[in-house]
Structures are given as structure tokens and as C-alpha cells.
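User: I am new to this structure and would like a close look at one part of it. Please keep to the salt bridges.

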Amino acid sequence: MQCQLCNKHATVHLTEIVNGQKTEKHLCEECAIKEGVTVKAHVPINDLLNNLMASQKESQQIEDMTCPECDITWRKFRKEGLLGCPHDYVAFEEPLRKLIERTQEGASTHVGRAPRHTGGKHFQRLTLLRLRQELQQAINQEDYEAAVRLRDEISKCESN
Amino acid sequence: MDGSGPLSDIVVSSRIRLARNVSGFVFSTQADDQQREQLLRYLHDQIMETELKDDLWYLEMSQTTPLERLMLAERHLISGRLAEGNTGCGVALSHDESLALMLNEEDHVRVQVLASGLQLEETYENINRIDDLLEEKIEYTFSPQYGYLTACPTNVGTGMRVSVMLHLPALKMSGQIEKVFRAAKEMRLAVRGLYGEGTEPIGDFYQLSNQTTLGKTEQQIIEQLVSMAVEPIVEYERQARNKLLKDKMAALDDKIHRAVGILTHARLISSEETSYLLSLLRLGIQLDRIKDISLRTVNELFLLTQPAHLQHHYKQTLDADQRDELRARFIREHIR
């Protein structure tokens, strides 16, 4: 079979169906590249392997990502399906955004209701509870510097 | 569910739930028992400071019996996760059971409002007001980009899951139910049977809900579910029912009356068979083929013949065989 464009021997055969309309193209390799139908046929095996390893290394890096607030890893989240704390949305920003876009019809921005925060005194008890839990954690991890800072914050919050 | 409300011949109930998490804390599933208990106490106290308090009764899951939890689950007032009875989990329920505030479920707070028939707009107004009241007392974690942050990213944004329970026996009988599934999938809606996930739907009840929670307003999510899915499906089911009445009246009547026959005479009956037969009975009442049994009775039987309710009624622990026997007796006593 001859190339439809230059009469050389056609080696690339393409069948396309667009809106139910079937079209066939028969081209030689050169014309096919010009037409953008085919990519370079021979990718050296080294390039292929390097690309593969790079992508594996990258996914390994993503899998090992850890949230500094709750210590959950991306791997654990992918296995169990549940995040550990709100900060994960920051810590796993890149892979999580892709996942959210995939599961949310491409959306990545909230447009619905927003909280009508009043702030201030209402939430003092919450702040105290939060600080006390953080203090307990700091003591458990023997992070005494943080513990001292948290203790000061707690007494400041209590005196308000 | 009293069987009333708009389109209640086909739409059994409407439900909206919101997922919310308290700012600055790890999510419930990551917290240890002590952290969950502290947060539970905090949430309880804050809720009881709102004007909702007079209408709420509060249960701590670890202080309930397995049977009580199973009964709450059969009434759709707690989730399977809460029914496990773990430490640091609780629920606050309104007396009419239309509102459930599940605490330390997958998210710190899950607000659920139920209504009979198709009443999503009213239900949203209601739940939005409750959300306002709670937000005056509880600071939720919220990001301008992703909205309300949730333990599972499939709930992020509005944190809102909207569901309607549809009764579609005629579409099932005429072999068109697959079309509904396909259409729903294309619209990114989830369809599942009444009980159990992924199992064969029991009694031709199907729950339709939104899967997308981000990038749309709450009103858009509801509007799309109603206009693109619920209303067309209701119309198809009505057409299928009319066609059955017109073309296959004798076969339909036979099915319905056989269902009544078995329900009123069986000596052993499983909950699956009960649901299947009650579904036919419900259709028979809606189509005016059965006149001496009320819809209320059918709705009550759906609820009261489930394992935990049956054991509660007969005040004893029953194994599966004993349940089948007492279920048959219970039904005979209620339909004559």
C-alpha cells in the first residue's frame, strides 16, 4: 500500500472514529511524523528504564510523605482511605489535590457554605483542650522545650 | 417514617448529612481513647448549650448494649461504625428521631436530618439552621480552598451527602432497573440497595446519593439530584406501574395477593423474604389493589420485623431460626 501523501510505502495505518465517523489513514513513517500521527518509533531501552525508575522513585517519595502533625504517611492513607488530621490537606497537598480532582469531577475549590465563625471567648475552652492535648503529647515525646512553651500558653489562655 | 410527604408513593425518605470536624484536633479514627473521650465531653457540653438541648437525648455508645445499638442502626439513627460501641463515641437524637448528631464517627460531628417523602429543600433548610446553631459553639476546621475538611477526602468541601430512598418495584419487574443504574453512574450519583453495601437490593428499595461534594454549592447539589435523577426516575417508575396495570394486571394482582397470602399464613419467614413480600404489598396498596391494609402498617412491619426490633419486642435473645418463627407470628398478628 502506498502513502496517501508521498507515494512511498505506507507503514503506518491509522483508523480513527470521531463522532461515529470512521476515517482511515495510510502513511509512510516520515509523513506520519510530520502529521503528528506517530512518535519516534525507537526509544532507547536506557531512556525507557530511566524514566520508569524515576517515576518509581517519585512514587516512593510520595508514599513516604509524612504529616508532621499526626505522623500519618501517604502510604497508610492510601491503604486505609482515611486521613489523620486536617493538616494532611497541607502536608499531602500535591498528591491529594490530584486525588481530590479525580474523585470530585475535576473540582478543586469549595464554593459552598462557609462557617460563620464568631471566634473569641466562645472557643476558649476548645483552645485550652487543644493546648492540653498538645502538652500531653510533648511530654510523651520528651520535647520539654515545647512543653514549657505550651504550659505558658495554657496559663495565658486561662487568665484571659 | 410515616409514609407521607411529596411523591411518597415512590420516594420513601429524604436524608441529608453533614460531616464536620473540630479545628486543631486529629480526626476521630486517628485519636486514642482518651483524646476521643475528651473531645466527646467537649462536644456534648457545647451541643447542650444550644437551643437544641431541650429536644435532644444523648447516648454514649460504650454505655449501651449491643441490642440497643443494633436497634438504633435499624432505625438509621447511628452508623455501622458507631454501632461497634467503641469508647469515646456518642449520639444525640431528637425525640421525633428526625435529627441525629453522631459524635466521633469517621468525622467528629455528623449531623443527619431525615424526612419522609421528597423533602430535600426543607431538610436542607432545617440542617443548615442546626449547622448555624452548632457553629456558634464549635469551631470547625475549614479551608478556603477545600471547604470543610473531612477524614475522607471524598466528603471534603460541603461535607454534605444527600440521599433519597426510592421504591422501584415496577422498574425492577419490567427489567429496566439497570437503565437507572447506568444513568445514575453517568451523573456521578451512587445507587445502593436498602440494606448492606454492594449486596442484592432487598425489596426493591434503592438509595440514590451524590458522590461529588466539592465545587458545587449545597443548593446546586440538591437541585441536580432532584431535577436530573429523582424526578425522571419517579416518572419512569410511574410509567412502568401504569404499563403493568394495563398489560399485566392479572400477573401483577397474582403476585401482590400471593405476597399477602404468604405474609398472613407463613410459620417461618426470613427478613429477606419479608422485605421482598412487604415491597409487593406496598406496591399493591399504592396501586389500590389492596384496600384493607394501611401503608402505615407496612412501614411499621418493615422496621419492627428486623432482628433487633424483634428481639426487643419479644424481650429475649433469639437465634436466626427462632427469629424466623417469631417474625412470622408477629406479621400474622399485625396483618389479618
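Which side chain meets B:R20 in a salt bridge?

Analyst: This is a predicted model, in which local features need pLDDT of at least 70 and side-chain atom pairs count only at pLDDT 80 or more, while totals for chains, interfaces and linings use all residues. Residues are numbered from 1 along each chain as its sequence is written, chains are lettered from A and ligands numbered from 1 in the order in which they are written, and side-chain values use heavy atoms, with hydrogens and water left out.

The partner of B:R20 is B:D131, with N to O at 2.7 Å. A salt bridge here is a side-chain nitrogen of Lys or Arg within 4 Å of a carboxyl oxygen of Asp or Glu. B:R20 belongs to strand β1 (residues 11-20) of chain B and B:D131 to helix α4 (residues 120-135) of chain B, so the pair ties together parts 111 residues apart in sequence. Helices (H or I, at least four residues) and strands (E, at least two) are DSSP runs, numbered from the N terminus.

B:R20 is buried, at 1% relative accessibility, and B:D131 is buried too, with a relative accessible area of 0%. Buried means under 20% relative accessible area, exposed over 50%, and partly exposed in between (1.4 Å probe, protein chains only).

Over all chains, the structure holds 32 salt bridges. Another of them joins B:R81 and B:E106, with the closest N and O atoms 3.7 Å apart. There, B:R81 is partly exposed at 31%, whereas B:E106 is buried at 14%.
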